[in-house]
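Student: Hi! Could you walk me through this model? I'd like to begin with the contact between the chains.

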Amino acid sequence: MRVLFFSVLRERLGTREMDVPIEHETTVGDFVAGLVEQVPVFADYASSARLAVNRVYADLDTPIRPGDEVAIITPVSGG
Amino acid sequence: MDERETISVGLQVGPIDRDEAMRFVADLRAGAISVFEGVTRSVTGKRETIKLSYDAYEQMAEPVLHDILEEAVERLDVCRAFVRHRTGEVPAGEASVLIAVSSPHRSAAFEGCRYIIDELKQRAPIWKKEHFADGGAEWVAGKGPV
């Protein structure tokens, strides 16, 4: 599954995209908990970031399925 | 009413064309056109900013902006609405975002611009990094989405 990073997180990780395999459907909440383990830098942002699943803002109970596009949206600052 | 689209959305690298915005929102039903530009400010407190650079999740930002402009047209008495947001570097003094709104009367044109910029800042997956004259740079932490 593709996970996308932007702004400060992209810079700190040195990548815009990561492949994180998931075998079964999960939820945003469980996925975030797993990503904190896998990507320690993400721990600094896990509480303030929102996730987008397939380009739509998601909640903690939103399902994530293999093949979905997941993006980590740290607090936005456009304009 | 003619058959043109009522909203126009885009992200782009390089300066935004004001004339294009004015042409787009022109409408015979409109008695008012309001334009908002968000500009790179050079002086914030004691530190001098030389430029901003923007990162965006473009595949999501465009549909989010589309939704925001549609909301403005549906909820307010707006005829046409236009927005462009730059990505990449925006030097001090240049606009990073331009919004134009036409409406029958002035209040909806003002309200439309305000609604669109407020929602954009809250919801659009776009991030700015401030580059200072002293060589430092930092990502600006926003507040949304909530």
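Tutor: Happy to. Chain A and chain B bury about 2000 Å² between them, and 56% of it is on carbon and sulfur atoms. Buried area here is the accessible area, with a 1.4 Å probe, that two parts lose on being put together, summed over both. Bear in mind that this is a predicted model: local features need pLDDT of at least 70, side-chain atom pairs count only at pLDDT 80 or more, and totals for chains, interfaces and linings use all residues. Residues are numbered from 1 along each chain as its sequence is written, chains are lettered from A and ligands numbered from 1 in the order in which they are written, and side-chain values use heavy atoms, with hydrogens and water left out.

Student: Which residues of chain A lose the most area to chain B?

Tutor: Val76(A), Ser77(A) and Gly79(A), which together make up 32% of what that side buries.

Student: And how many residues are in contact on each side?

Tutor: 21 residues of chain A are in contact with 27 residues of chain B, where contact means heavy atoms within 4.5 Å.

Student: How many salt bridges cross that interface?

Tutor: The rule finds 3 between chain A and chain B. It asks for a side-chain nitrogen of Lys or Arg within 4 Å of a carboxyl oxygen of Asp or Glu. One pairs the side chains of Glu11(A) and Lys129(B), at 2.7 Å from N to O.

Student: What about polar contacts across it?

Tutor: The count is 17 residue pairs, both residues at pLDDT 80 or more. A polar contact is a pair of N or O atoms within 3.5 Å; within protein, one must be able to donate a hydrogen and the other to accept it, and residues adjacent in sequence count only if both atoms are side-chain atoms.

Student: Which elements of chain A supply at least two residues of that side?

Tutor: They are helix H1 (7–13) and strands S4 (50–53), S5 (56–57) and S7 (69–73). H1(A) gives the most, with 4 residues. Helices (H or I, at least four residues) and strands (E, at least two) are DSSP runs, numbered from the N terminus.

Student: Back to salt bridges. Which residue does Asp55(B) pair with?

Tutor: Arg16(A), with the closest N and O atoms 2.7 Å apart. The pair crosses between chains, from strand S4 (residues 47–56) of chain B to the loop between H1 and strand S2 (17–19) of chain A.

Student: Is Asp55(B) buried or exposed?

Tutor: Asp55(B) counts as buried because its relative accessibility is 6%. Arg16(A) is partly exposed at 37%. Buried means under 20% relative accessible area, exposed over 50%, and partly exposed in between (1.4 Å probe, protein chains only).

Student: Which residue does Glu69(A) meet in a salt bridge?

Tutor: Arg55(A), at 3.0 Å from N to O. Glu69(A) sits in strand S7 and Arg55(A) in the loop between S4 and S5, so to speak distant parts of the chain, 14 residues apart. Glu69(A) is buried at 9%, whereas Arg55(A) is partly exposed at 34%.

Student: Let's switch to the fold. How many helices and strands does chain A have?

Tutor: Chain A has 2 helices and 7 strands, and from the N terminus on they run β-α-β-β-α-β-β-β-β. Its radius of gyration, taken over C-alpha atoms, is 12 Å, close to the 12 Å that the globule rule gives for 79 residues, so chain A is as compact as a globular protein of that length. That rule is 2.2 Å times the number of residues to the power 0.38.

Student: What share of chain A is buried?

Tutor: Buried residues make up 47% of its 79 residues.

Student: Now chain B. Where is Asp27(B)?

Tutor: Asp27(B) is in the loop between helix H1 (18–25) and strand S2 (32–39) of chain B. Asp27(B) is buried, at 16%, and its side chain joins that of Arg80(B) in a polar contact of 3.0 Å.

Student: And where does Ala95(B) lie?

Tutor: In strand S6 of chain B. Ala95(B) and Gly38(B) are 57 residues apart in sequence and 5.4 Å apart in space, C-alpha to C-alpha.
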